[in-house]
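The following note sets out several points for a colleague who is reading this model for the first time. Please keep the sequence and the structure in view while going through them.

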Amino acid sequence: MSQSSSETGLHLHAPAILSLLRIVVGLAFMEHGTQKLFGFPAGDHAIAAFSLLWFAGVLEALGGLLIALGLFTRPVAFILSGEMAFAYFMAHFPRSFFPALNGGDAAILYCFFFLYLVFAGPGPYSVDAAREG
């Protein structure tokens, strides 16, 4: 007979895991921005200031940091979810309908994770939670 998460107590850890997931995803997302803006890590091309890619880099670097900190989580997550939907349909979808073929897996996952944060909030380990409590 299998045990549900409520029987094992796993559900008690869900808020902390949400915070951990938010931090990890925020930091990973921030790398995409720092790569575009500063060539770190391992970027060998400079992008023009105020270009579409530059704005994406700013959103990703600053937005990723804010998500990792859990500061202004819901509005930032809403903006980043939209950015990733835009990026997917602009850069990936024209190549193929299938994300596995068009390289858009990460954009879709980021888009829906950020959309989830809009509704779930940042979790207990965040600047937003500290400001509220």
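1. Lys36 and Glu60 are both buried. In this predicted model, the two residues form a salt bridge, with their closest N and O atoms 2.8 Å apart. The pair links distant parts of the chain: Lys36 belongs to helix α2 (residues 14-38) and Glu60 to helix α3 (residues 52-69), 24 residues apart. The count of salt bridges comes to one.

2. The next point concerns aromatic rings. A pair of aromatic rings is described by the distance of the centres and the angle of the planes. The structure holds 12 aromatic pairs. One of them joins Tyr88 and Phe93: the ring centres are 6.3 Å apart and the planes stand at 55°, so this pair is tilted.

3. Phe93, at 35% relative accessibility, counts as partly exposed.

4. Ring pairs also build a cluster, whose members are Tyr88, Phe89, Phe93, Phe97 and Phe98. A nonpolar surface patch of about 590 Å² is made by Phe89, Phe93, Phe97 and Phe98 together with Leu101. Leu101 is located in helix α5. With a relative accessibility of 64%, Leu101 counts as exposed, because that class begins over 50%.

5. Is Ser96 buried or exposed? Its relative accessibility is 16%, so Ser96 counts as buried. A polar atom of the Ser96 side chain lies 3.1 Å from the backbone nitrogen of Phe98. Leaving aside residues up to four places away in sequence, Ser96 touches Leu101 and Asn102.

6. The remaining points concern the backbone. Most residues other than glycine have a negative phi, and most peptide bonds are trans. Which form does the peptide bond from Phe40 to Pro41 take? This bond is cis, with omega near -5°. Pro41 has its place in the loop between α2 and α3.

7. Phe50 is found in the loop between α2 and α3. Although Phe50 is not a glycine, its phi is positive, at about 70°. The relative accessible area of Phe50 is 60%, and the residue is therefore exposed.

8. Phe72 lies in the loop between α3 and α4. Its phi is near 55°, a positive value in a residue other than glycine. At 40% relative accessibility, Phe72 counts as partly exposed, because this class covers the values between the limits for buried and exposed.

How values were computed. Residues are numbered from 1 along each chain as its sequence is written. This is a predicted model: local features need pLDDT of at least 70, side-chain atom pairs count only at pLDDT 80 or more; totals for chains, interfaces and linings use all residues. Side-chain values use heavy atoms; hydrogens and water are left out. Buried means under 20% relative accessible area, exposed over 50%, partly exposed in between (1.4 Å probe, protein chains only). A polar contact is a pair of N or O atoms within 3.5 Å; within protein, one must be able to donate a hydrogen and the other to accept it, and residues adjacent in sequence count only if both atoms are side-chain atoms. Contact means heavy atoms within 4.5 Å. A salt bridge is a side-chain nitrogen of Lys or Arg within 4 Å of a carboxyl oxygen of Asp or Glu. Helices (H or I, at least four residues) and strands (E, at least two) are DSSP runs, numbered from the N terminus. Rings of Phe, Tyr and Trp (its six-membered ring) pair if their centres lie within 6.5 Å; planes under 30 degrees apart count as stacked, over 60 as edge-to-face and the rest as tilted. Patches are made of residues with over 30% relative accessible area and no salt bridge: like charges are joined within 9 Å, nonpolar side chains (Val, Leu, Ile, Met, Phe, Trp, Tyr) within 5 Å. Accessible areas come from the Shrake-Rupley method with a 1.4 Å probe; for residues, only the protein chains shown count as cover.
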